[in-house]
Amino acid sequence: MPDATEAVARRLRRQAAYCLVDGSPLYASLLKAAADDVEAEGPVRQVLAGFEDDPWSSALSLRLMGAVHRLVLDDAAWPVFRQALIDQRERIRSLLPGGCQTNEVGRCAALLGGFLEVAHRTGLPLRILEIGSSAGLNLRWDRYRYESAEGTWGDPYSKVRFQHSYEVPPPLNRSAQVVERKGCDLHPIDATSDEGGLTLRSFIWADQLGRLAQLDGAIEIARSMPLDVEQIDAGAFLERELAEPRHGVSTVVYHSIFMQYVSEPGRQRIKAAIEAADVFHLRMEPGENVIEVRLDDELLGTAGAHGTRVRWNVDSTRA
Ligand SMILES: C[S@@+](CC[C@H](N)C(=O)[O-])C[C@H]1O[C@@H](n2cnc3c(N)ncnc32)[C@H](O)[C@@H]1O
């Protein structure tokens, strides 16, 4: 193998190692594959021909990554996207039946005001039951930090911080204590596994890096606070969990961007289980033109689909 080829492969591998240390497994794996490709005299070798003598300080590997990323970011993304559908047709088709498995922690910023409202009204600790939890990241909403122009809530050192979620915040000068938390999903994801993390990341819209960072923070918190999401239908879960009355706690059944995935009989079963029990029903689901946050029949506020642009309906909040 010519020296120049070896040298280029070596510098790609060296950059891969730096990218891994600096927190980009994606770039690390792409650069390693690029190094292999150079040694196999593949397209990376051809693209980099003539640049072999550029000094290390000119960051040839990062210039390569930047060039390709630029194509992805501007309108050249479409031909690449289309080509992937051709080259990887069967693989992509095999992933389609898997269902939409977004677990969006940003939605906690919209749900928070509802939990605080229940705690404020009843003065009781909370027992929270989430249906359609996916990886259960929103079962840990009390471990995240919420910031608005009018106040803050939660751990100031949390790895998940919401700093731009509120247009009109809910009252945040309230406390809430979660004493029991359970979630269910037909297809639970283990956020702490490589496979689960990949699935969760794959559902983040690719140019929304802020959401990706929040997800990474939430996965870190999940590692330090293990919690099983039970694999069971939401209706069956609620029938079992709500069968006996619970005293000394406020039970909150909640869900976000979930009902559209449930069949009509499934919805009826969920509704019947909630109506038969003495519980609060908090939800973040699509209304006419906007996502609504409701507590029982009351409209508490509205938000964007990922929990940004939260506008609290201050009249709904009890002093
Ligand atoms: C779009 S995800 C939303 C996850 C989470 N609520 C959030 O807001 O990030 C919808 C989830 O509902 C789950 N799901 C759909 N039908 C269900 C059912 N009948 N019982 C339990 N989970 C269900 C799916 O598996 C999926 O994980």
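In the predicted model, the secondary structure of the chain comprises eleven helices and twelve strands. The C-alpha trace extends over about 75 × 45 × 35 Å along its principal axes. Of the 319 residues in the chain, 44% are buried. Among contacts in the chain with a separation of 6 or more, 68% are made by residues 24 or more positions apart.

The packing of two helices was examined in detail. Two packed helices are described by the angle between their axes and the distance between the axes. For helix α2 (residues 25-39) and helix α4 (residues 60-73), the angle is about 105 degrees and the axes lie 11 Å apart. Because angles of 65 to 115 degrees count as roughly perpendicular, α2 is classed as roughly perpendicular to α4. On the α2 side the contact involves Y27, L30 and L31, which meet S61, M65 and H69 in α4. By class, this contact of α2 with α4 contains four nonpolar residues and two polar residues, with no charged residues.

Charged side chains were considered next. Side chains of opposite charge can pair when their charged atoms come close. The count of salt bridges comes to 27. One of these joins the side chains of E117 and R121, with an N to O distance of 2.9 Å. Both E117 and R121 belong to helix α7 (residues 107-122), where they are four residues apart, about one turn of the helix. The two partners fall into separate accessibility classes: E117 has a relative accessibility of 1% and counts as buried, whereas R121 has a relative accessible area of 22% and is partly exposed.

K182 has a relative accessibility of 32% and counts as partly exposed.

Backbone geometry was also inspected in two loops. S134 has a phi value near 60 degrees, which is positive although the residue is other than glycine. S134 occupies the loop between β1 (126-131) and β2 (145-148), and its relative accessible area of 4% places S134 among the buried residues. R309 likewise has a positive phi, near 50 degrees, in a residue other than glycine. The loop that contains R309 runs between β11 (298-303) and β12 (310-312).

Definitions and conventions. Residues are numbered from 1 along each chain as its sequence is written. This is a predicted model: local features need pLDDT of at least 70, side-chain atom pairs count only at pLDDT 80 or more; totals for chains, interfaces and linings use all residues. Side-chain values use heavy atoms; hydrogens and water are left out. Axes are lines fitted to C-alpha atoms, for helices over the stretch in contact, and angles run from 0 to 180 degrees between N-to-C directions. Angles under 35 degrees count as roughly parallel, over 145 as roughly antiparallel, 65 to 115 as roughly perpendicular and the rest as oblique. Contact means heavy atoms within 4.5 Å. Ala, Val, Leu, Ile, Met, Phe, Trp, Tyr, Cys and Pro count as nonpolar, Asp, Glu, Lys and Arg as charged, and the others, Gly among them, as polar. Buried means under 20% relative accessible area, exposed over 50%, partly exposed in between (1.4 Å probe, protein chains only). A salt bridge is a side-chain nitrogen of Lys or Arg within 4 Å of a carboxyl oxygen of Asp or Glu.
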